[in-house]
Amino acid sequence: MGCRPIAEPHDGAPQRKPGCSSRHLEPSASIPSPEPLNLYAPTGARASRIDVSEDPYEYCVREFGDPLPVVPPTVERVERMMAGFDPSQVIGRIPPCYGEATVEKIAANAVMAGCEPSMMEVLLPVVRAACDERLNLHGVQGTTHFSAPLIIVNGPLRRRLGFACGQNVFSNVARANSTLGRALQLILRNLGGAAPDGIDMSTLGNPGKFAYCIGENEEESPWEPLHVELGFRPDQSTVTLFCGEAPHGVSEHFARSAKGVLKAIARSLATVWSYRACMRHEALVVLGLEHVRTIHRDGFRKQDIRDFLFNNTGIPLRAYDDADGEGISQMHSYREITIDGERCYQKFRSPESIGVVVAGGGAGKFSAVVGSWATGPRGSQRVTYPCP
Amino acid sequence: MSITLVNPCNEQKPVASYAPRLQTLAGKTIALLDISKPGGNVFLDRLETLLLAHCSVAHVVREIKPTYTKPAPEQLLEKLRTVDAVVEGLAD
């Protein structure tokens, strides 16, 4: 029919298409077939050495940092960081570009992040967890959504390595939280290829992409910590990764009962992802200590908290009267419940869609809600790994 | 005075070749891959109409990824290897 060729080789299409179909293999006209990546080799190549004659801080920021200065990964520093480990051992391959995360590469990024060498015993399980297929880092790294992996540290290792669990837990309070969180983010970028001006297509981003790491305040919690709930022993240490948005604060300074506090949190949970979107997302509730005391005083355990939030988080049916809007077209799959006499659609699939941890300082009746990305087998699932 | 650094970045640079380019659409079998984001079918429905009406393609095959959050599963890729060209509809 005389149609023009639909495309010529090297037709000007971008070499890299970020997002859901990012091109992971660079095209080359001279090579007849792609060499498949071996995703299962137990050992990998040693890292190359780079001789730098200019200011190493400027070089590192330009070539492989986040935009903040990093500690230059000198040979001596990296060797100190990986002492006792096999430098060639592959811990995982970081999607979407599947860069080999050897111990040596991980150590180089840990040096840049400012980690102390003892941090490797936590960082290696964190990298393993990040590469777990259930976490679906491939999708998280390319999405336009806000999500970034939040690290939650549990067990005795928190205190031994100095992880903060109290006041300012989400921010700049402790070297351990900040450097572990930053090391993971540098690895995602330098080995996974998630450059924030390229494959990482997040529309608005997330301040957690500098560092996103908290410890559970187990000492001041009356309940089982997260890892014990999941079947680990109290004397074990674990890292849990949950891909989520930045924390959304919930103030409730006047309620004097568990139900009063939890209803305020339920109102924030109702807005996770988008107000009218139900059944497809999850959340992590980070309970501050003053709220914990009020809730515990009324006899609630963590499971009671989850159950109450599950049964009291919903969207009134009247919110679906608009002609269009996110969440409306999936109404047929929603479950109707009654909350305080009002017909609602239930927000979450199950009580287990709501994670509960205790963290933060002793003053202030605040908690936080961290909303998820897409969840379940088709999205990102929370994963927990033990530390040796 | 220079300093030696350990390269912290991915040093594997896998490469792939382009598939042979089609010289014409006439008589070809074209797959339209919906990644299952909202609205993808609107774009691909229109494209199917145009391909059949104006380009004399022999067949249009419609496929859909189970989820846009992950790479296409192997079985789906196998199906796509049997057609002459694939058009993937991205995003919302």
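This is a predicted model: local features need pLDDT of at least 70, side-chain atom pairs count only at pLDDT 80 or more; totals for chains, interfaces and linings use all residues.

Reply: Leaving aside neighbours within four places in sequence, A:Arg343 is in contact with A:Leu317, A:Glu336 and A:Thr338. A:Arg343 sits in strand S12 of chain A, which covers residues 342-346. Is A:Arg343 buried or exposed? A:Arg343 has 12 C-beta neighbours inside 10 Å, so it counts as exposed. A:Arg318 is 25 residues from A:Arg343 in sequence, yet their C-alpha atoms are 8.6 Å apart in space.

Now for the core itself. The largest nonpolar core has 111 residues, and A:Ala110, A:Leu123, A:Ile151 and A:Leu180 are those with the most contacts inside it. Domain 1 (40-245 + 377-388) and domain 2 (246-317 + 334-371) of chain A both give residues to this core, so it lies between them. Apart from that core there is another one, of 9 residues, including B:Ile30 and B:Leu44.

Zoom in on A:Ala110. Not counting residues up to four places away in sequence, A:Ala110 touches A:Met81, A:Cys115, A:Met119, A:Met120, A:Leu123 and A:Ala183.

Next, the helices. In chain A, helix H4 (residues 120-130) packs with helix H7 (residues 175-190) at an angle of about 45°, their axes 11 Å apart. H4(A) and H7(A) are therefore oblique to each other, and H4(A) passes H7(A) in a right-handed crossing. Which residues meet there? From H4(A) come A:Val122, A:Leu123, A:Val126, A:Val127 and A:Ala130, and they meet A:Leu180, A:Ala183, A:Leu184 and A:Ile187 of H7(A).

Notes. Residues are numbered from 1 along each chain as its sequence is written. Chains are lettered from A and ligands numbered from 1 in the order in which they are written. A nonpolar core is a set of buried Ala, Val, Leu, Ile, Met, Phe, Trp, Tyr and Cys residues joined through C-beta atoms within 7 Å. A residue is buried if 20 or more other C-beta atoms lie within 10 Å of its own, exposed if 12 or fewer, and partly exposed in between; C-beta atoms are placed from the backbone. Domain bounds come from an automatic or database domain assignment. Two residues are in contact if their C-beta atoms, placed from the backbone, lie within 7 Å. Axes are lines fitted to C-alpha atoms, for helices over the stretch in contact, and angles run from 0 to 180 degrees between N-to-C directions. Helices (H or I, at least four residues) and strands (E, at least two) are DSSP runs, numbered from the N terminus. Angles under 35 degrees count as roughly parallel, over 145 as roughly antiparallel, 65 to 115 as roughly perpendicular and the rest as oblique. A crossing is left-handed if the near helix is turned anticlockwise from the far one by less than a right angle, and right-handed if clockwise.
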